[in-house]
Amino acid sequence: MQPKQLWSLLLSRILPKLLGLPGILLKKFRKEGVMELDAAALPELPQDVLMDIFGTLEVLDLIRAGSVCSSWHATYKCLLDLRQYKQPQTPCLFYTCESAGSNVGFLYSLKENRSYKLTLPEPPIRSRLLIGSSNGWLITADERSELHLVNPITGEQVALPSVITIEHVNPIFDASGTIRMYELSYQTPPDLFDLGDLRDELYFKAFVFPDPSTTGSYIVVLIHEPYSRLSFARPGDDKWTWVGQGSQYKDCTYVDGLLYTVNYSGEIDAFDFTASPVKMTVIMKELKYPVCENMYIIQAPWGDLLHVWRTIDVPPNAPQWVPGECMFETLKIQVHKVDLEAKQRVEINRLQCDSVLFLGHNDSLCLSAQVHPELKSNHAYFSDDLKEVAVSLKNCMRDMGVMDLENSVKKEIVSQIWSNWPCPTWITPNLMKLNQAFNR
């Protein structure tokens, strides 16, 4: 039998039985009654063969596989421990639901058109501000405006350096030495904030990137006030390192050791974090005038940098405004290839490789629909990330959907199953652990 035929046989005979079984998800998914199966009834395959099969599954299916029996769980563990699991993942929508409880979140699978229920660690996820999602991790700010990374699937949580180590943030203590308020001191007189209010003003977006300078390590990048500037931290750091260059940033991506950023005016910069001090290079000058509300910088699967413009406004046919409601919607998404040699932006109407975009408070993504056939090619899946609206109108309807990049026609992803706060965000499932922590 040819290898391709063998794969087809294994995948067609084993996986349908596996994925169709009820109640075999881990307790993480809150399914009742974990089914005990007779291991003798399962195909007796060598572990290396099972590892090859498991390596083709996406995370949610892999968790099912690891729950079937002890030998399959051992294979699942081995695959992760050896860091051999590198299957491309389809993004899911992370959201909460008020009726489900304050510590409960959900993943809506675009591949399966269904949701999975997750229990997250303290503090309650519904009390946090979501400011980013990268490589399977949510970046959240709690009710003291302190930052945490949390993996909603594994439940792992990592505390980031304290908010009081961010440039321009100073603690104000009471008589007992307890922090009572925060001072944001970039202007005179400085602004004062209650512990839970600073986060709404201070944070814009955050990212977790693999750090190529150290094997297995990572770097957290933060866009924050004043003036939407950058700070970053690596494992072992006890404070945030402020990058005192550039401003008004909207998005960033890490490519070949350089952090590429785009600001409100469309200027694209590159930062070398391995240099001391950090070196900034202007890649593309700003546009003559701001052209849209949100901008993104994305590396495409074929290697190009993409500059994406998202126009958000009140639609022409909108009804009369009602206080407390949000009338803003995504009206258009334009994609430009960044020609680094010619220093030009070239608008494109169709993405190569039947690709799709994911935009929002996640790390901006461009994925191939050939790898993810359940996704709509040349479309953009977007979630609400207009801070001015998301923070001030926490209970308004969210600007979410999927848009055809060729004609700007929008459709809903699914009928509303989420609470409007915290804002739902895209996340790419990831089971890998962060082996290094930060210092507080």
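How many bridges join strand E2 to E3, and in which direction do they run relative to each other, parallel or antiparallel?

Reply: This is a predicted model, in which local features need pLDDT of at least 70 and side-chain atom pairs count only at pLDDT 80 or more, while totals for chains, interfaces and linings use all residues. Residues are numbered from 1 along each chain as its sequence is written, and side-chain values use heavy atoms, without hydrogens or water.

Strand E2, spanning residues 104-109, is joined to E3 by six bridges, and the pair runs antiparallel. Strands are DSSP runs of E with at least two residues, and helices runs of H or I with at least four, both numbered from the N terminus; strands pair if DSSP finds at least two bridges between them. Within this pairing, leucine 107 has tyrosine 116 of E3 as its bridge partner.

The pairing belongs to an open sheet of four strands, ordered E3-E2-E1-E28 with antiparallel pairing. Its edges are strand E3 (114-119) and strand E28 (425-427), each of which pairs on one side only. On average, neighbouring strands of the sheet are turned by 35° against each other, direction ignored, with axes fitted to C-alpha atoms and angles running from 0 to 180 degrees between N-to-C directions.

Trp72, Thr75, Tyr76, Leu79 and Leu80 are its buried residues (buried: under 20% relative accessible area; exposed: over 50%; partly exposed: in between; 1.4 Å probe, protein chains only). They line one face of the helix, because they fall within an arc of 130° seen down the axis of H5, the arc being that of directions from the helix axis to the C-beta atoms. The face turned away from this buried side carries the exposed residues Ser70 and Asp81.
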